[in-house]
Amino acid sequence: RWVLSSGAAWFEEITPLLRAIFTRAQIAEFYGASEISFVSVAMHTGETVAPECSVGTLIPGVELQVTGDLLWVSSPGIFDGYIDDVPEDYHERIDLQGRRWVSVGDLGRIDENGALYLSGRASRKIIVSGKNVYPEEVEQLLQLHPGISHAAVLGRKDLIRGERLI
């Protein structure tokens, strides 16, 4: 009945193949992380198809705040916290109403229709000649070219620019 994906970005070219194999199945992609549980769902078949490049809309009960472009999640599904060895990207805070908010360092935005778009992770930021570059955004642009199906962008130290993209 269902084809579910989570953990990595969905490859749109897979959808027609899955539709051909699983003719009656619904196809959905979840965005989330171990610390924040499921945050959004993007439907790739049926009546409510997610906008291209989005990770869908928020799951009921999930609240999201965007500070700058850093995503903060509050929901019944967020985990209790780390005992030790807290990752660099993990942050939590309590708001004035006593709600707990967690960020795993993901960056993004919500559009006027409630669709969530990810632009990268703060720790992957590459600084080129003083400009902040998020590899995921460059990868998405490269993959728009018909001759490129997958792309990976990394930073390499550069004596003049600080880092350069490879």
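Reader: What secondary structure does the protein chain have, and how many residues count as buried?

Author: The model is predicted. The chain comes to two helices and 14 strands. Of its 166 residues, 35% count as buried. The C-alpha atoms fill a box of roughly 55 × 50 × 30 Å along the principal axes. Among contacts between residues at least 6 apart in sequence, 41% join residues at least 24 apart.

Reader: How should I read the largest nonpolar core, and which residues have the most contacts inside it?

Author: A nonpolar core is a set of buried nonpolar residues joined through side-chain atoms within 4.5 Å. Here the largest one has 14 residues, and Y31, I36, V39, V73 and L116 have the most contacts inside it. Two or more residues of this core come from each of β2 and β6 (70-74).

Reader: What is L116 in contact with, beyond its neighbours within four places in sequence?

Author: The partners of L116 include Y31 and V39, both also listed among the core residues with the most contacts. Others among them are S54, V55, G56, L64, L71 and I110. R109 is in contact with L116 as well.

Reader: Which residues of helix α2 are buried, and where do they lie around its axis?

Author: The buried residues of α2 (residues 135-142) are P135, E136 and E139. They lie on the same side of the helix, because their arc around the axis is only 95 degrees. The cover over these buried residues includes β10 (116-121), β11 (126-128) and β12 (131-133).

Reader: E139 carries a charge. What does its side chain meet?

Author: The side chain of E139 meets that of R124 in a salt bridge, at 3.9 Å from N to O. For a salt bridge the limit is 4 Å. The pair links distant parts of the chain, with E139 in helix α2 and R124 in the loop between β10 and β11, 15 residues apart. E139 counts as buried because its relative accessibility is 13%, whereas R124, at 33%, counts as partly exposed.

Reader: How many salt bridges does the structure hold, and which other pairs can I look at?

Author: There are eight salt bridges. One of them joins D106 and R121, at 2.8 Å from N to O. D106 is in strand β9 (residues 106-110) and R121 in strand β10, 15 residues apart, and this pair also links distant parts of the chain. D106 is buried, with a relative accessible area of 9%, and R121 is partly exposed at 28%. Another salt bridge is that of D158 with R164, where the closest N and O atoms are 3.8 Å apart. D158 is buried at 14%, while R164 is partly exposed at 33%. Elsewhere, salt bridges that share partners join E63, D95 and R99 into one network.

Reader: What polar contact does the side chain of E35 make, and which residues does E35 touch?

Author: The side chain of E35 makes a polar contact with the side chain of Y82, at 2.4 Å. Leaving out residues up to four places away in sequence, E35 touches I78, F79, Y82, Y90 and V104.

Definitions and conventions:
Residues numbered from 1 in each chain as written. Predicted model: local features only at pLDDT ≥ 70, side-chain atom pairs only at ≥ 80, totals over all residues. Heavy atoms only, no water. Polar contact = N/O pair within 3.5 Å; in protein donor to acceptor, adjacent residues only side chain to side chain. Contact = heavy atoms within 4.5 Å. Buried < 20%, exposed > 50% of the residue type's maximum accessible area, 1.4 Å probe, protein only. Helix = DSSP H or I, 4+ residues; strand = E, 2+ residues; numbered from the N terminus. Arc of directions from axis to C-beta.
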